[in-house]
Amino acid sequence: MADEISNTVKVNGEIAPPKTAKQLEKEAKKQAKLDKLKQKLEKQSNAAPTKKDPAEKKEKKKEAKEVAAYDIVTPAGDKKDVSNPLPDAYSPKYVEAAWYSWWEKRGFFKPEYGRNSVLEPNSKGKFVIIIPPPNVTGSLHLGHALTNSIQDSLIRWNRMKGRTTLWNPGCDHAGIATQVVVEKKLWREEQKTRHDLGREVFVKKVWDWKDEKGDRIYHQLRKLGSSFDWDRAAFTMDPKLCKAVTEAFVRLHEDGVIYRSNRLVNWSSTLKSAISDIEVDKVELPGRSLLAIPGYNEKVEFGVLVSFAYQVADSDERIVVATTRVETMLGDTAVAVHPEDERYKHLHGKYVIHPFCDRKLPIVINELVDREFGTGAVKITPAHDPNDYEVGIRYNLPFITILDDSGNIQGDYGQFTGMKRFEARKAVLAALKEKGLYVETKNNPMVVPICSRSKDVVEPMLKPQWYVNCNDMALKAAEAVRSGELKLIPEMHNKTWYHWLEGIKDWCISRQLWWGHRIPAYFVTVDDPNIPVGQESDNEYWVSGRTEQEALEKAVAKFKVPASKITLKQDDDVLDTWFSSGLFPFSIFGWPDDTDDLKAFYPGSLLETGHDILFFWVARMVFFGQKLLGKLPFKKVYLHPIVRDAHGRKMSKSLGNVIDPMDVIHGITLEELHKQLLDSNIDQKEIEKAKAGQKQDYPDGIPECGTDALRFALCAMCQGRDINLDILRVQGYRFFCNKIWNATKFALNYLDDNFQPPTHNDYVSGESLMDKWMLSRLASAIIDANRGFEGFEFTLITTAIYNVWLYDLCDVYLEHLKSVFATGDAVAIKAAQATLYRALEINLRLLSPFMPFITEELYQRLPRLAADIKAIPSICVTSYPEPEEYKWKDETIEQEVEFVQKIAKAIRSARSDYNLPNKTKTEAYLKCSDESTKDLVKRYIPALQTLSYCSKIEVNTEAPSGCTIITVSDKCVVNLLLKGLIDPSKELTKLQKKVDFLENTKNKLNQVMASADYSTKVPIEVQQANDEKLSQSTAELERLQIAIKALKLMEQQE
């Protein structure tokens, strides 16, 4: 075993000292007890079975479910004790304990590891990535888990390649999200609003909350095994990053890139703030729908088109217009018609009368009006509609804001003034009916913009805000991709990149919040009658500064008056969170200061994130990197798929399908999942719906899968635009971990105390064909894994590693070795031991970037040389297998063994059809039609016997009677001897029952699939499952019919 090795090998990183006589005596007594217990158990197993008490059965079943846990006291940062034998079964709790703190303490994750300075040249290069900083507000979800699994596999692979590596962690202050959480907490605990506390006290409350809760995500990232350099962790509100934000704003304002303007924004009345496009959910409605809106007791009607008439001034005529937001007609300032529309040509230049205020609305002509839609006349509300805003500018129309910040009607509108906007909707409709101006209400499919934070309906509102002019930066960003200087992976995202950048609009960066980076801009009031009083919407009356003193000096220079004449008032707003996120690739390294970290790590190597924030984050980092530093922030961008549930639905708390990665790692009951809903911020009305969703998808809860299985599963599914995540697939990789565990545990038994691992990569001499085949399969996996990492083909890597572990090492090579070690042939055994060690050691290194915990646990158990352990204390910092190092690839041997496996599989399949257990050996007589096939099979007879559970295999000799015939290929037929091993009549009865069952299954499937509308009404995943089941049933029936025919022949021969 790996933990009982000679004094040339270390145990747990230390050379094992010689054992004392007392220790040897104690071990001898212990062994004697074990031998006695073994004899007793053997005696019991040979005795006649007795009826067990039901309670005893239940207790034994309970004991069997207990899993190993690591209970050795190990101070944080100390190396885990691996001197004890491996537990019988794989246990994530056992395996994942204690390793991370040791990795962290030893500094394996730091770029300084193994070198004197970050600026020290490395001939193998460097690899730098930054984390897409998660919000400080809560916990990770599976999307974060995917991001971190991919990034950690890349950073670990590059680290093992010998490069200087840095994965920089960090967290985003998440302006709106964090403020909402703290405001809710404040109201729940103290029944106070932020305004009751004042800005300074409230911001301190947020910092207190962040200090209390903010580390939760970092703990979760550690649990995921993420190999960050934690000493460089950055929070977007840290002083270093705040300095960078201020510097960036001031520079961009001085350059005229940032400016002040009065424009439409996405306004959340509940938050009383502008929000970014990414915080707006576009909810599609098929027609009339009632939605629950915060602040309203009754649901509000959407999805209808209301038509009403405007009276033409000085005429009996009316113009009918239509709207989905009838309350906004209070802010109408024009009616537009198409210039070529004959119905309205006589009304060009005339006016209509507003029914609820003293206002005339001009009838304007606009070629963009769709003459075929509705009446061909369109109401224009410039202050509350993006399209109407452009019309308002073009025709110099009044911009009338009818809503205050809370969404209530403001202005001189009589009974409507002060009403909530959706109460005004009903009141305006009723008033139109009273005046005889109402025409009709029709069903109207539409998209309603919903604030993802507050669930309120977003209103387009006219607000003076700060904007970033993106035109020039967008042109440079597009050119960077066109020229190949920046690569988007997969390339299918290039089209989206160009589309967004070519149609870009200026970016609103103001947010009406208190938590965040307060905008370093100051409104100037000049106490001088010769200088007109400015408006806050006027860009010319604002200055920016790194300090208030600098801003004052700018104001003095700008207005040419003494400082005593100037009063400055800093903007109350804060910057959009995406502004500081856009600076993240260089602000974390100390920009604008010229630090060693900035020199060493900017620009980075890669940006890895989800394709859904390509524009919101990726493009803005490119903008700021090129503008402020003259360099792209990274050379490549890998955009991973979006994680959805097993049904392809977006993850949503209301659907109950948002899963915490920790629940997949540790496992959770359905009841505990329900409890999480009650403890969350989810609306009480949505809880029952979410519970139903959880019950449907996780009727038995979520099984414990462990970190390694979750990481591997996510990377294995990483392809396309979306990942439909089935938790059962994650559990499947947990079983894979168990297979790795058992295989290694079993294999270590063959590496005795005298075994010395090879110190070179050549053959050790004496290798059999199967040894060379195993080494060739390893070489193939090495090639595929490295190619996959280089091309971001994660399914290629995981498939190669999975196959070489499961199908090559476990299913074939380890089975083959049983017969080798039974021969006693010293040369063959020595070669097999070397091959087995290489298979374990290389496979663990291949797997390590995806499964860091189990690979470290098992790597530490390998009988490595003392010098190697001193030089390479952890699998984290060993080398990744390179194709150039392992020249074992042999296509001929791989093709030969593939054919041998085909024969073995055919024999095993036949044995299964006849219900032969593995311990019952059979004889096989092969008929090969050509010399090359005959010679091939003869060379592999020992392996074939083992793999097909045969006691005897002969080639091209006369087969005895009582055989079933199996066709392997046109050049090879197997005669499998069954005579004396089975009762043909009994087996016929069994097989006929199977045939009846399968035919019944097949008929039912055919009936279902032949039904009307099957292809349109049945979900595609069900159709695919039915197709697969039908195919399997048909193939199995064909096989059983052959077996029945052979049995009938055998029955006749008896």
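**Exercise 1.** State the handedness with which H5 passes H25, and describe the packing.

Solution. H5 passes H25 in a left-handed crossing; a crossing is left-handed if the near helix is turned anticlockwise from the far one by less than a right angle, and right-handed if clockwise. Helices (H or I, at least four residues) are DSSP runs, numbered from the N terminus. The model is predicted: local features need pLDDT of at least 70, side-chain atom pairs count only at pLDDT 80 or more, and totals for chains, interfaces and linings use all residues. Residues are numbered from 1 along each chain as its sequence is written, and side-chain values use heavy atoms, with hydrogens and water left out.

Next, the geometry. H5 (residues 142–160) and H25 (residues 769–791) pack at about 120°, their axes 11 Å apart. Axes are lines fitted to C-alpha atoms, for helices over the stretch in contact, and angles run from 0 to 180 degrees between N-to-C directions. The pair is therefore oblique (under 35 degrees is roughly parallel, over 145 roughly antiparallel, 65 to 115 roughly perpendicular, the rest oblique).

Last, the contact (heavy atoms within 4.5 Å). Ser153, Leu154 and Trp157 of H5 meet Asn786, Phe789 and Glu790 of H25.

**Exercise 2.** Which orientation does H25 have relative to H27?

Solution. The angle between H25 and H27 (residues 826–847) is about 15°, with axes 10 Å apart. H25 is therefore roughly parallel to H27. The crossing of H25 past H27 is left-handed. Residues in contact include Leu778 and Ile782 in H25, and Ala839 and Ile842 in H27.

Technical notes
Helix = DSSP H or I, 4+ residues; strand = E, 2+ residues; numbered from the N terminus.
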